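Please keep the sequence and the model in view while reading.

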Amino acid sequence: MTAVWIDVHAHYTPPMTEDQREAAWHSQREACFLAPQPYLWTPELALAEMDRAGTTMQLLSYLPRTIEALRASNEYGASLVRRHPDRFGLLLALPTDDLDAAMAEVTRAEELGADGFAVTCCRNGVYLGNPSLRPLWAELDRRGAVVFAHPDAYAPGAQGRPAPLLEVGFETTRTIVDMLYAGIFRDYPNVRLIVAHCGGGGALPAMSGRLELLGAESWVPNPNAVTRTEIRQQLARLYLDTAATGLPSSLAAALTMIPPSHLLYGSDSGVPCSTPETIDINRQALLNFPGLPPEQREDVGRNALQLFPGAAARLGKAGKASRNTASTGPDSDTCPTPPWPHR
């Protein structure tokens with residue numbers, strides 16, 4: 001495996017009491033997600049799992065329901081990056097159901113040292129293509145921001161099955177198509193959008209040919225006159241992560257829509273729907289995928305470095321410190337603590 005392996009789709013949870021964890025667990029089970037026990041995330045557990053799996057850095061995201069919880073969790077995420085700058089990065093959550101609150105969080109990006117932003121495809125009924133969010137997209141465009149779009153983690157189950165199994169894919173696909181017809185990609189081309197789960201469990205790439213073929217036909221409502229060429233070009237500009245979608249059925253479809261350089265590694269770790277076993281199976285499938293040559297499969301783990309120069313710089317600084325450690329020797333009084341003890 002490549003020496004640098006960046007995970008753009010990893011979650012964290014601020015500290016919770018036992019009662020809060022128990023309440024979250026019961027809420028999950030009521031939504032058809034039959035987790036056998038309350039879930040626990042800590043930075044120590046996350047780092048241990050990263051060491052085991054050979055993950056260099058995780059770009060962390062967390063999108064709680066309320067604005068108050070979101071602001072507090074952004075601050076906690078920033079503290080994790082300060083403590084572990086070469087292991088974690090932060091995708092600052094934006095409450096896109098409240099424009100003023102979202103704009104206020106954007107202004108805190110530098111203060112909190114965010115590497116990018118995270119948004120919910122549909123937050124409390126507000127889709128990312130909603131006209132009310134145009135000022136937000138304009139500001140993100142001005143910044144040339146990297147934005148990670150994730151489906152609603154709190155969506156109810158459907159037909160007796162939990163949302164993470166199927167509904168997240170459909171919600172993601174509906175959201176991106178709505179943004180396409182709303183002219184978001186045309187009007188704000190400097191935003192680099194990462195779409196979770198290989199574009200909704202691979203659903204968006206699988207639909208992309210149909211969208212290009214039929215999406216500009218006269219019988220389709222199209223107030224912004226999006227053309228067939230634009231549909232193809234704008235979808236090709238998206239970035240897709242491989243969270244729970246490193247399998248050939250998803251990757252083959254993805255690579256008909258985007259170039260290999262826009263495929264990023266995602267583990268979807270830090271949530272109860274992912275286990276070390278499923279994460280390992282998914283990554284091994286990616287590394288064995290016959291639709292890419294071996295060097296491009298390895299590139300999936302480092303393509304994100306082009307999107308996140310701040311994170312790349314922290315890795316470079318840590319690597320330099322590690323080399324200095326090796327040159328001075330372990331017995332030197334000036335020897336710093338190795339930044340990558342797992343390497």
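Is Asn124 buried or exposed? With a relative accessible area of 56%, Asn124 is exposed. The model discussed here is a predicted one. Asn124 sits in the loop between strand 5 (122–123) and strand 6 (126–127). Its phi is positive, about 50°, although Asn124 is not a glycine.

Asp268 is another non-glycine residue with a positive phi, in this case near 60°. Asp268 belongs to the loop between strand 10 and helix 13. At 5% relative accessibility, Asp268 counts as buried.

Eight strands make up an open sheet, and their order is 1-2-3-4-7-8-9-10. The pairing of these strands is parallel. Strand 1 and strand 10 are at the edges with a single partner strand each, so one side of each has no neighbour in the sheet.

Strand 4 (residues 116–120) can be described in more detail. This strand is mostly covered, with five of its five residues buried. Gly116, Ala118 and Thr120 point one way from strand 4, while Phe117 and Val119 point the other way. In a regular strand, side chains alternate between the two faces of the sheet.

| Strands joined | Bridges | Direction | Residues opposite each other |
|---|---|---|---|
| Strand 4 and strand 7 (residues 146–150) | Four | Parallel | Ala118 and Phe148 |

**Helices**

Helix 3 (residues 67–83) lies across strand 2 (57–61) and strand 3. Helix 3 runs at about 165° to strand 3.

Helix 4 (residues 99–107) packs with helix 6 (residues 134–143) at an angle of about 15°, and their axes are 10 Å apart. An angle under 35 degrees counts as roughly parallel, and helix 4 and helix 6 are therefore roughly parallel to each other. The crossing of these two helices is left-handed. On the side of helix 4, the residues that meet helix 6 are Leu99, Ala102, Met103, Val106 and Thr107. Their counterparts in helix 6 are Pro135, Leu136, Glu139, Leu140 and Arg143.

**Aromatic residues**

How many aromatic pairs does a search of the whole structure find? The search finds four aromatic pairs. One of them is formed by Trp5 and Tyr265; the pair is tilted, with 5.2 Å centre to centre and 50° between the planes. Trp5 lies in the segment before strand 1 (6–11), and Tyr265 in the loop between strand 10 (263–264) and helix 13 (276–287), so the pair ties together parts that are 260 residues apart in sequence.

Both partners are buried. Trp5 counts as buried because its relative accessibility is 0%. Tyr265, at 1% relative accessibility, counts as buried as well.

Elsewhere, Tyr12, Trp41, Tyr62 and Tyr76 form one aromatic cluster.

Terms used:
Residues are numbered from 1 along each chain as its sequence is written. This is a predicted model: local features need pLDDT of at least 70, side-chain atom pairs count only at pLDDT 80 or more; totals for chains, interfaces and linings use all residues. Side-chain values use heavy atoms; hydrogens and water are left out. Rings of Phe, Tyr and Trp (its six-membered ring) pair if their centres lie within 6.5 Å; planes under 30 degrees apart count as stacked, over 60 as edge-to-face and the rest as tilted. Buried means under 20% relative accessible area, exposed over 50%, partly exposed in between (1.4 Å probe, protein chains only). Two strands pair if DSSP finds at least two bridges between them. Contact means heavy atoms within 4.5 Å. Axes are lines fitted to C-alpha atoms, for helices over the stretch in contact, and angles run from 0 to 180 degrees between N-to-C directions. Angles under 35 degrees count as roughly parallel, over 145 as roughly antiparallel, 65 to 115 as roughly perpendicular and the rest as oblique. A crossing is left-handed if the near helix is turned anticlockwise from the far one by less than a right angle, and right-handed if clockwise.
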